[in-house]
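Work through these exercises with the model open beside you. Try each task before reading its solution.

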Amino acid sequence: MTNSWTDIKNTDLVVIMGGNAAEAHPCGFKWVTEAKATRGAKLVVVDPRYTRSAAVADYYAPIRQGSDIAFLNGVINYCIQNDKVQWEYVKAFTNAAYLVKDGFGYQDGLFTGYDESKRDYNRTTWDYQIGPDGYAMVDETLQNPRCVWNLLKAHVALYTPDMVSRITGTPKDKFLKVCEMIGECASPTKTMTSMYALGWTQHSKGSQNIRTMAMLQLILGNIGVRGGGMNALRGHSNIQGLTDLGLMSNLIPGYLTLPTEREPDFPTYMASRGFKPLRPNQMSYWQNYKKFFVSFQKMMWGPAATAENNFAFEYLPKLDVPAYDVLRAFELMKQGKMNAYICQGFNPLQAFPNKAKLAEALGKLKLLVIMDPLETETARFWENHGIYNPAEPAKIQTEVIQLPTTCFAEDEGALVSSGRWLQWHWPAGSPPGEAKTDVWIMAQIHLRLKELYRKEGGAFPDALLNLQWNYKDPHEPSPEELAKEMNGYVVSDVVDPNDPTKKLLEAGKQVAGFGALRDDGSTACGCWIYSGCYTEAGNLMARRDNSDPGETGAYAKWAFSWPANRRIIYNRASADINGKPWDETRKLLWWDGARWTGYDVPDIAPTAKPQDVGPFIMNPEGVSRLFARGMMRDGPFPVHYEPFESPVANVIAPKVRGNPVARVFKDDFAQFAEVASPDFPYAATSYRLTEHFHYWTKNNHVNSVLQPEFFVEISEELAKEKGIAQGGWARVWSKRGSVFAKVYVTKRIRPMLVDGKTVHIVGIPIHWGFVGAARKGFPANQLTPFVGDANIETPEYKAFCVNIEPTTGPVA
Amino acid sequence: MNMELSRRQFLRTAGAGIAGTSLGAFGFGGVEEALADAIRPFRLTNTTEVRNTCTYCSVACGILIFSKGDLKKGEKAEITHIEGDVDHPTNRGTLCPKGAALLDIVHSKTRLQYPMMRKAGSDKFERVSWDVALDRVARVLKDDRDKNFIAKNNDGVTVNRWVTTGFLAASATTNEAAWCTYKVVRSAGMLVFDNQARV
């Protein structure tokens, strides 16, 4: 979230698209209710299903899953055509005026530089024209045909209301009504918030779904303001924290990145990371990259990271592929190229697509290790459960070690909310049996490996042996010790260059924030964006002061919000170019003539003059991007691409199949249904129910009583066509697998008219498996395709094709 | 959403023991009085109250967990009740159908109790000690790492990577557990490293 849950009360219009907050995030959704009740805010829901969010909406528009970009490009087109643009904001705070290189172009669904054999683009033309002064060239009059605004205008012109309706199946009048409601928020005193979740991420173009809405929000001037923003409703209690901390193939905590093997040394690595400003006076905050990186290396390897060895740069592994994400991991496993796999609190046999492929892959491992508070299907993939998990244990040679861990109620530490609040919690109960904390287990693995390397030697033990591990009890580092490392501390005194008697930083002290970090090894910090969370003032994450001066919804003294306790990011954009708030009744920050003041911690330096320094400090331009340059693999502007399995061909680019740069492994392509396949004519989508949380709550008696068994949802029209009765059984199958389910015939799903063709939708809740307190049932991933988003490899769970037929109940 | 008088502040003012007698002065009706007198002081005087966060989604609702026994005093503590934290700015005491049933996930019959091992080709898990389990994990990891670690690529560039063993990290562990995990995984040179955010 750019904003927070409590800030939603400040909005005028809530758009829920790509999510279903009323059911998946009920207590957060109450802030929508609050905005409706106290401000008269309106709620718009755009979804293939008439969800419970839709049931309380002021306006609902149906949409075919996988066509969100066509819809949103259409809204952008509407705003441009009807002058629903917050012009002052767009001109001052976006790259609308920037000139793009002459070579860049777009035609028939593809941008310049496409290489079909590589499924990739050469992106060199996707950039600004650079002037003789080294800065990007701009035309503030927006007259130049090569400026971003004019290119965008031309790019979205295709998405007329008629075209949008043809692609999305949304009736034209409903689309136009949504456009009208959104368009009103171009006023500087009207704000819209976007609340989205996996309905947008789980597509082969998920990143671009989100980006399209972000562009729209910029055009309306809704980023950085109270009641605005791009608000990702994250699913798990610390999924935000795990991402911040970089527990991913290619990341270092705080969104730094690992080197690739094309960056053989430290200077080469740094050359592409310390971004120089692209416009005069801009902060271009990544100029500080080296300070964050060196401080991280110092925290990891302490005295072994020195200026002489480039702060142990070679201790970091270098990538040969963009990332070893989970999909790649299971592909490698299936090819027999992996030997051991450790799953910590994660049930991939249920959570990733194409269950049959996953089970085959796990069966090729030598060792599978499970750390979990609960039984999981993954831990028992080798166990025969009939149709729910057909397995022959005798033929599966994988050794499995299952380790019991504590749960939230038994451990201590911080979890990061969607709104970036790091909230400390305390343990309340004793763990069951011999369950241990994850920290203890990880420490044991590390200490044992270290001992083996000390005794036996072996492959490059340096990074492992020199890992800084100076905890009071090396077998179980305390949460406080680990939190202090993430915050960072001073390694050696730093004296004032003008007055050597004065210490600027004193060795051993916690740093006050990332502004104190240095690139010479005198500071150490595990995760720079968290810096400030555990300072000499103590553990700020444990703060529980719920006062809220001005009733802005900021709650600045409750816990700690990264970065720098900032509650709304890009908040300088809440005021105009002169520092005057767009909306006096909803002011957040303002320029008092000498400095920035207000209810939040400003993004930019407190004394940075408003006319000089742009609000988007992480971009070297200082402004936000309507044109993404080469940052996205699938284009600087969003394009409508069909899902890989689609009931219709792409209307705007019939020759393009799926997202043209999404990575697809060979065997998986063979397992996709053809476009408009008569064998798989129905558009399926997966989703959660309000009574269940993924595959956890089926272990819980109460929730298993509330929703005891697997079902699928279809329209009355499809039920009639197929002769399926309410509550009857059906077999649903894709090119990858087949499930048996009870059928819920509902008015919540309706057939859609797409490009002149009736498209039926099949809804598939995700929550069942073969362990737990609920009845055994099929997980949705038995059906889903093994392909991810082109930029970040999130699987395409929300749009695929199936067939359905009535059947009798399964014989288990 | 009137937060002027939270339950906690109220009890602080009134004092748990004499809550019943002071309640009238605050204008509460007889039912409230009886409830506060009979139930609330009973729970607060017989259990330990601890602040925590719901384990499910990232709304991150504040919860209060009540236990028999106090971990801080080194006692064994059994969790008996979980409710929404009325002082929490986001959820203000409310919980959803999942959060309201948190007690059942803590005490789920399918909570894991002991380290277990399933041997190659076997059709069952067998209980083992922590030492046996962890020694085995370390042994397999070390052998695989020594055999498959890539110090330099074909161009002679130092790459120090290990891609035949992978780690899939959690989504509900604390930042502190995640940071500890990061240190252990990355220092071994592992690149097949991902977390639940991928889905």
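This is a predicted model: local features need pLDDT of at least 70, side-chain atom pairs count only at pLDDT 80 or more; totals for chains, interfaces and linings use all residues.

**Exercise 1. In what order do the three strands of the open sheet in chain A stand, and is the pairing parallel or antiparallel?**

Residues are numbered from 1 along each chain as its sequence is written, while chains are lettered from A and ligands numbered from 1 in the order in which they are written.

Solution. 
- Step 1. Find the elements: helices (H or I, at least four residues) and strands (E, at least two) are DSSP runs, numbered from the N terminus.
- Step 2. Read the order: 15-16-23 in chain A, with antiparallel pairing. Two strands pair if DSSP finds at least two bridges between them.
- Step 3. Find the edges. Strand 15 (413-416) and strand 23 (560-561) of chain A each have a single partner strand, so one side of each lacks a neighbour in the sheet.
- Step 4. Check one pair. Strand 15 and strand 16 (residues 421-425) of chain A are joined by four bridges in the antiparallel sense. A:Ala414 has A:Trp424 of strand 16 as its bridge partner.
- Step 5. Look across the chains. Helix 7 (residues 175-187) of chain B lies across strand 15 and strand 16 of chain A, at about 95° to strand 15.

**Exercise 2. Describe how helix 4 of chain A packs on helix 7 of chain A.**

Solution. 
- Step 1. Take the geometry. Helix 4 (residues 68-81) and helix 7 (residues 161-168) of chain A pack at about 165°, with axes 9 Å apart. Axes are lines fitted to C-alpha atoms, for helices over the stretch in contact, and angles run from 0 to 180 degrees between N-to-C directions.
- Step 2. Classify. Helix 4 and helix 7 of chain A are therefore roughly antiparallel (under 35 degrees is roughly parallel, over 145 roughly antiparallel, 65 to 115 roughly perpendicular, the rest oblique).
- Step 3. List the contact. Helix 4 of chain A supplies A:Ala70, A:Phe71 and A:Gly74; helix 7 of chain A supplies A:Pro161, A:Val164, A:Ile167 and A:Thr168. Contact means C-beta atoms, placed from the backbone, within 7 Å.
- Step 4. Sort by class. The contact of helix 4 with helix 7 of chain A has five nonpolar, two polar and no charged residues (Ala, Val, Leu, Ile, Met, Phe, Trp, Tyr, Cys and Pro are nonpolar; Asp, Glu, Lys and Arg charged; the others, Gly among them, polar).

**Exercise 3. Which helix of chain B gives the most to the side that touches chain A?**

Solution. 
- Step 1. Count the contact: 106 residues from chain B and 136 residues from chain A.
- Step 2. Pick the helix. Helix 6 (residues 130-148) of chain B gives the most, with 13 residues.
- Step 3. Sort the side of chain B by class: 56 nonpolar, 28 polar and 22 charged residues.
- Step 4. Strand 14 (residues 399-404) of chain A and strand 4 (residues 116-118) of chain B pair antiparallel over three bridges. There, B:Met116 is the bridge partner of A:Gln402.

Key
Two residues are in contact if their C-beta atoms, placed from the backbone, lie within 7 Å.
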